[in-house]
Amino acid sequence: MDTFVENFHTKKDVERMEYLPLGRTGLKVSKVSFGTGTFSQLYGDLDEAKAVEAVVYAVKRGINYFDTAPFYGQGRSEEVLGKALRKIPRQAYYVATKVGRYERDYERMFDYSAVKTRESVERSLKLLGVDYIDVVQIHDVEFAPNLDIIVEETLPTLEALRVEGKLRFIGVSAYPLHVLKQIIAKAPERFDTVLSYCRNTLFDDSLKEYIPFFQQNQLGIICASGHGMGLLTNSGPQPWHPADGQMKLVCQEAANHCKQQSIELGKLAMHHSIQLPGPATFLAGMQTTELVNINLDAYFNGLSKKEAEVLAYLKESVFSKTNNTHWEGVELESYWTAMKAAKMELNS
């Protein structure tokens with residue numbers, strides 16, 4: 001296995017982990033991978049020491065792919081991940097970050113320009129403490145004023161940075177799956193990976209329809225957030241979560257049922273998510289070694305008889321109540337409404 005380092009890894013875990021080809025990149029990535037959106041204020045207070053410990057522990061147990069972004073805490077996630085990566089041999093991991101989405105303030109949230117893209121990759125290299133980034137993804141392309149700016153500015157800048165040796169592969173992410181299809185069709189053979197999130201969960205299985213298209217384009221498929229950005233956990237989502245009230249109530253009912261049975265909904269959600277054939281890796285946000293253990297337990301050991309029964313009950317009797325299976329358009333509408341208001345204020 002390419003990322004195995006003698007005397008660093010826990011050999012038995014690495015031998016049990018499945019490593020799948022990430023599209024045509026030549027990278028073989030662990031089936032379970034580590035998302036660090038959780039290393040930011042988006043997911044409450046972070047214990048930095050525990051987060052660093054979780055990353056090192058995850059690598060030792062066979063996870064070799066880490067995903068971050070400048071948007072997660074305006075660089076905090078990259079900075080904390082960078083502190084952890086300095087404790088790990090470079091051969092032992094692949095690291096992915098993003099460009100395009102930056103701040104929480106609407107007016108400074110997105111910038112897909114060539115200048116900002118280059119500046120962002122240079123900053124990510126410093127924060128992560130690496131000489132090159134394995135995958136740089138264009139973040140949430142549905143928010144671009146149009147997809148032409150992605151094709152004419154963001155993408156060529158990343159291609160130039162690749163020639164300079166600062167990154168190896170280029171990816172794209174978005175919540176609406178039809179937008180991912182559009183941008184990939186608009187720039188054939190220029191993307192290496194595609195990241196889809198919250199689209200292969202206990203309440204939404206729409207990713208599976210798009211897998212054949214992504215595979216035809218030889219893309220490495222990254223399936224993120226089988227936990228629905230916290231909806232499918234016992235502790236529940238953060239206040240900013242864009243899902244509607246009815247979906248939140250259904251997920252709360254599922255969490256309450258799990259708590260009564262002393263079961264973690266997050267483990268059931270992870271187990272359900274990783275059954276889907278097609279993705280190279282299943283990315284889960286984690287902050288602590290405890291969360292790493294829950295997700296790896298779902299993968300390595302599957303479910304106990306009781307957990308399997310609870311999952312079957314939830315699928316049949318709880319998640320079947322969901323009216324809307326997604327929140328597509330909710331954040332886009334808020335964003336463009338805010339931008340329009342800001343523009344009117346500027347002109348008044």
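Predicted model: local features only at pLDDT ≥ 70, side-chain atom pairs only at ≥ 80, totals over all residues.
Modeller: Residues are numbered from 1 along each chain as its sequence is written, and side-chain values use heavy atoms, with hydrogens and water left out.

Colleague: Which element gives the most to the lining of the largest pocket?

Modeller: A pocket here is an open set of points on a 1 Å grid over the protein atoms alone, where a 1.4 Å probe fits, with protein on both sides within 12 Å along at least five of seven lines, and lining residues have an atom within 4 Å of a point. The largest pocket is lined by 45 residues, with Tyr 43, Ser 225, Met 229, Gly 230 and Trp 240 nearest its centre. Helices (H or I, at least four residues) and strands (E, at least two) are DSSP runs, numbered from the N terminus. The element that gives the most to this lining, with 4 residues, is H12.

Colleague: Is Asp 67 buried or exposed?

Modeller: Asp 67 is placed in strand E4, residues 65–67, and, leaving aside residues up to four places away in sequence, its contacts (heavy atoms within 4.5 Å) include Phe 34, Lys 98 and Leu 283. Buried means under 20% relative accessible area, exposed over 50% and partly exposed in between, with a 1.4 Å probe and protein chains only. Because its relative accessibility is 2%, Asp 67 counts as buried.

Colleague: How many residues apart in sequence are the parts that Lys 83 and Glu 48 tie together?

Modeller: A salt bridge is a side-chain nitrogen of Lys or Arg within 4 Å of a carboxyl oxygen of Asp or Glu, and Lys 83 forms one with Glu 48, the closest N and O atoms being 2.7 Å apart. Lys 83 lies in helix H3 and Glu 48 in helix H2, so the pair ties together parts whose separation in sequence is 35 residues.

Colleague: What is the relative accessibility of Glu 307, the partner of Lys 267 in a salt bridge?

Modeller: The closest N and O atoms of Lys 267 and Glu 307 are 3.0 Å apart, and the pair links helix H9 with helix H11. Lys 267 counts as buried because its relative accessibility is 9%. Glu 307 also counts as buried, and its relative accessibility is 11%.
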